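The following exercises are intended for practice in reading a protein model.

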Amino acid sequence: MRRIVAAILLTAWLGLTQKVAAQAPQPAAQSPATEASTNQKSTITVPSGTKVALTLTKPIWAKTANVGDAIYSATSFPVAVGNDMAIPPGTYVEGRIDALTRPGWLSSHAEFQLHFTKLVFANGYTVDLPDVLESISGAGNQVVSANALASELAADVETAVARVYVEVTSRSDILLDNGAPIEMLLQSPLVLEAGAVAAAVRQSKPLQISSTKSSTRCVPTPATPGTSDTVIPGTPGTPDTVIPGAPGMPPTVIPGTPGTPTTVIPGTPGFPGSVCPGPPIVASMPTGKDIHTKTVALMNPMKIGGAQLPAGKYQIRWTGLGPTAQIEILQNKKQVVQAPARVVMLGKKSISDEAGPRTNIDGTVSLASLQFAGEAFALFFD
C-alpha cells in the first residue's frame, strides 16, 4: 500500500514540474546587434607613471652604438592593473636610442636616453607606442590629435621612455650586456585590448634571466714567462813563470797564458697577460650633481602652486632627472614658489623657450608646462 501511495505522489510531482517548465518564459534569442555588443573587446588602460621592468635581449656594442639604433628587450616582471594582467612577463619591447654618452678616460660610465616604439605579446598581439601630442593649452593630460593642435602649442611627448646609467670603462667592448635591467616609464596612458592580453597571458612564459650569458668577446690571455740569462763561466789564466838568472845574468820570464772572460747569453723577455675589464653594470642615476637651472619669460600672468606670477622673467631650478621633481621658481634670486612637476621626455628638442598656459574652470590661467630651447624634455604641472 505504501508503495502505491509513493508512486502516485511521484507521478503527480513530475507532472507539476513539466507544467511549470512549460509555462516559464523562455529567454529571447539574441539579435545580431546584441551579439555584436556582447563580443565587443573591452580594454585595459595602464596609467601614465607606470614603471615596467625590462631585460635587454640584444647587447649594445661600444664601437657600433649610435643614436637612432634599435634596442631589443623583454618584460621581466608582470604589470597588473587592478586584478587584470596588463603586460605579462616575456613580452617583447622594441625601442630606439635617443641620446648616448660614452665612457672616457676620466669618467667610467655611459648614459642612455631611450624611447620605446612597440610591444609584441606572446600571441602576436602588437601595440605601437607612438609619440603623443599632449595639449599644453588644454586641460590636464588630454590626448588630442595633431590636426586639432595645429595652431596651438604642443609637445612631442614619447609614450614610453627610459634613462639608463651604466658603470663601464672605455676598454669594454659592450656598453649594455644581455640581461641588463632597464626600467621603462609610461609617460602617457597605454590602452590595451583585454581579450588579446588574456590570450597572450595563457601563452607567456617567464624569462630565464639567470641563464643569460655575457656577450662580451673579450678573452683574457695568460702571461708567458721569459727565460733567464745563460752564463758561461770564463777560464782563469796562468801567471808568468820567472826563472832566476845566474850571477850577472837576468832572470828568465816565461809568460803565462791569459784567461777567458765570463760569457752571458741574454734570456728572452716574457709577455704580460691581458685582463678583461669588468662587466657593464646598470647603476642608479646620479642626482646630487644633476642640478638644472633655466630662465624663462612669462608674457602673461599665470598661477602656480597657489601663487600668482606676474608677467616677467623667472629662474627655474630643480634637481634630478625625474620622472617627478620639486620645481623652484625664483625672480631676482628670490624664491617665489615651489611646485611639483613631471619631467617629461620629448621626441625632439624644443626650438624655443615656451610657457604653456591652461585655462581653469573659473577663468583663471595656470602654468601648465615649460619647454626649454635645445632640450629634449619639458616640465608638466598637473
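**Exercise 1: The disulfide**

The link of cysteine 218 and cysteine 276 is left-handed, with -100° about the S-S bond. The model is a predicted one, in which local features need pLDDT of at least 70 and side-chain atom pairs count only at pLDDT 80 or more, while totals for chains, interfaces and linings use all residues. Residues are numbered from 1 along each chain as its sequence is written, and side-chain values use heavy atoms, with hydrogens and water left out.

*Task.* State which parts of the chain the pair links, and whether cysteine 218 is buried or exposed, or in between.

*Solution.* 
Step 1. A disulfide is a pair of cysteine sulfur atoms within 2.5 Å. The sulfur atoms of cysteine 218 and cysteine 276 are 2.1 Å apart, and the structure holds one disulfide.
Step 2. Helices (H or I, at least four residues) and strands (E, at least two) are DSSP runs, numbered from the N terminus. Cysteine 218 belongs to the loop between helix H3 (194–203) and strand E16 (230–232), and cysteine 276 to the loop between strand E19 (263–265) and strand E20 (281–283). The two are 58 residues apart, so the pair links distant parts of the chain.
Step 3. Buried means under 20% relative accessible area, exposed over 50%, and partly exposed in between (1.4 Å probe, protein chains only). Cysteine 218 is partly exposed because its relative accessible area is 31%; cysteine 276, at 25%, is also partly exposed.

**Exercise 2: Serine 204**

*Task.* Determine which residues serine 204 contacts beyond its neighbours within four places in sequence.

*Solution.* 
Step 1. Serine 204 lies in the loop between H3 and E16. With a relative accessible area of 17%, serine 204 counts as buried.
Step 2. A polar contact is a pair of N or O atoms within 3.5 Å; within protein, one must be able to donate a hydrogen and the other to accept it, and residues adjacent in sequence count only if both atoms are side-chain atoms. The serine 204 side chain reaches the backbone oxygen of alanine 200 at 2.6 Å.
Step 3. Contact means heavy atoms within 4.5 Å. Leaving aside neighbours within four places in sequence, serine 204 is in contact with Pro88, Pro89 and Ala122.

**Exercise 3: Arginine 317**

*Task.* Find the residues that stand opposite arginine 317 on the paired strands.

*Solution.* 
Step 1. Strand E21 (residues 291–298) and strand E24 (residues 312–319) run antiparallel, joined by eight bridges. Threonine 293 stands opposite arginine 317.
Step 2. E24 also pairs with strand E25 (residues 324–331) in the antiparallel sense, over three bridges. There, the partner of arginine 317 is glutamate 328.
Step 3. E24 and E25 form a hairpin with four residues between them, and glycine 320 in the turn has a positive phi of about 100°.

Notes:
Two strands pair if DSSP finds at least two bridges between them.
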